[in-house]
Amino acid sequence: MSSASALWAAKQNPPADPTHLSFRDKAVLVTGANSGLGHAAAIKYARQGANPLILAVRNVEKGEQAKADIIAQSACSPDIFVILTVDFASFDSVRDFATRLQSALGERRLHVAQLAAGIATWSYDKSSHGYEMSLQVNVLSMALLALLLLPLMSKANPNDDALAHMSFVNSIASMEVTKEELEKASVVSTFPAKSLINHINNENKFDNQRQYFLVKLAAWFVVQGLVAQQRKLGEQKVVINASDPGLCKTGMLRSFPLIVRAIMAVRYWFLGRSVEEGARTLVSATGLGAESNGKFWRNDRFSELSELVDSEDGRELARRTWEDVLGILKASGYVN
């Protein structure tokens, strides 16, 4: 976990507000748009011209509330909104969401996918598909959604040759997992290593102090897998990157015990950024050029990768983690 001094420095030096970016008449999707960082990012996209602005939310009521608040804060037209529901605990819901999104877009191209939905878990719980809930929501469902969105973002249009952007909200936590930790957990004691996905999904291995870090690492490996897949296909129509907004005052810990939330509330008060400041990083990540493909955007610059992630062992673990994710999605019949 980042030191208190690093968090204090980050709080005192928030990222620049990317008001110079224009999303005028661009189709922008924001997941998790009803609260937290996703909602704050949606407000910025509305202010900066997004049309349509697609809000991916858990239910219609939350979507309507988010829409009303965005209008109040941005003075945008109510006509720009498309509200679509999705439950990231369900592959079926994600697939249905993508189908409805395609219908809503018609012949239009999706220019921006801001994948900001996510959860943090205190106790072990499984989705209906049999996967630990944060693994399901933050890794597997996000990977499925990304694969379903890429064709919508790669549509050929002679009048629209701008790069599309897919950006995943991640965390510096993904870069704070060490090889020593994984060796101790018998994930990478020998190569070919055991499965990171299986380790995260193992109830007997569940550690609520470390699960968030491991899930974020797996989510980063999904980004790398998507980038590698696009390169293999010889396509560069979509920039795929990840952003880290820093420690922000969101409701992500709502399911944690009261005493934990109280302790963290003090930490957030002294060291945390506002969601508006955090959302600056999310939005700016979707305005970067092709040089940001496969990069980690943090504090207005590309962050260096950790020793583990930037090692041969780390790259091998990334490759196999992506293969595991694809294997799960293919075996379930959700991708070809």
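Predicted model: local features only at pLDDT ≥ 70, side-chain atom pairs only at ≥ 80, totals over all residues.
Residues are numbered from 1 along each chain as its sequence is written, and side-chain values use heavy atoms, without hydrogens and water.

| Residue | State | Relative accessible area |
|---|---|---|
| Cys76 | buried | 10% |

The structure has zero disulfides (a disulfide is a pair of cysteine sulfur atoms within 2.5 Å).

Strands and helices are DSSP runs, numbered from the N terminus: E of at least two residues for strands, H or I of at least four for helices. Eight strands make an open sheet of mixed pairing, ordered S3-S2-S1-S4-S5-S6-S7-S8. Its edge strands, S3 (81-85) and S8 (301-302), each pair on one side only. Two strands pair if DSSP finds at least two bridges between them; S2 (residues 53-57) and S3 are parallel, with five bridges. Ala56 has Leu84 of S3 as its bridge partner.

A nonpolar core is a set of buried Ala, Val, Leu, Ile, Met, Phe, Trp, Tyr and Cys residues joined through side-chain atoms within 4.5 Å. The largest has 72 residues, and Met166 is one of those with the most contacts inside it. Helix H5 (residues 133-153) supplies the largest share of this core, 15 residues. A second, separate core of 28 residues includes Ala41 and Val169.

Methods. Buried < 20%, exposed > 50% of the residue type's maximum accessible area, 1.4 Å probe, protein only.
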